[in-house]
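Work through the exercises below. Try each task before you read its solution.

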Amino acid sequence: QVQLVESGGGLVQPGGSLRLSCAASGSMFSFYAMSWYRQAPGKQRELVAAITGMFRGGMANYTDSVKGRFTIARDNGKNTVYLQMNSLKPEDTAVYYCKARNNDNDMDYWGKGTLVTVSS
């Protein structure tokens with residue numbers, strides 16, 4: 001069982017920045033694919049960014065709406081994945097969730113989310 005705890009959310013003005021963190025328990029973190037999802041009020045949860053595990057080179061990919069503004073990164077020594085969010089827009093307002101995926105057994109683990117509000 002993997003436990004994930006997100007932090008770093010809050011209220012920010014349009015054009016501002018936030019960095020989200022997701023700390024994971026256990027010793028297998030470096031092997032997991034990690035991703036950030038978000039869910040805005042009244043909308044479905046959507047994938048924002050993902051990064052592969054150690055054996056797949058830590059490759060990152062992003063949904064089109066955040067490319068060039070958001071950066072996902074991981075620190076395997078700290079069991080933590082980050083989401084740096086720049087040039088934030090009101091439409092980025094959502095609860096942001098961290099997910100870990102064990103590709104060996106297709107198990108997904110979710111955090112409880114952190115709220116990001118972009119508003120003036």
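**Exercise 1: Salt bridges**

D106 and R101 form a salt bridge, with their closest N and O atoms 3.1 Å apart. A salt bridge here is a side-chain nitrogen of Lys or Arg within 4 Å of a carboxyl oxygen of Asp or Glu. The model is predicted: local features need pLDDT of at least 70, side-chain atom pairs count only at pLDDT 80 or more, and totals for chains, interfaces and linings use all residues. Residues are numbered from 1 along each chain as its sequence is written, and side-chain values use heavy atoms, leaving out hydrogens and water.

Task: classify D106 and R101 by relative accessible area.

Solution. Step one: take the cut-offs, which are buried under 20%, exposed over 50%, and partly exposed in between (1.4 Å probe, protein chains only). Step two: D106 has 52%, so D106 is exposed. Step three: R101 has 23%, so R101 is partly exposed.

**Exercise 2: A second bridge**

Task: find how far apart the closest N and O atoms of R38 and E46 are, then classify both residues.

Solution. Step one: the N and O atoms are 2.7 Å apart, and the pair forms a salt bridge. Step two: R38 is at 5%, so R38 is buried. Step three: E46 is at 32%, so E46 is partly exposed.
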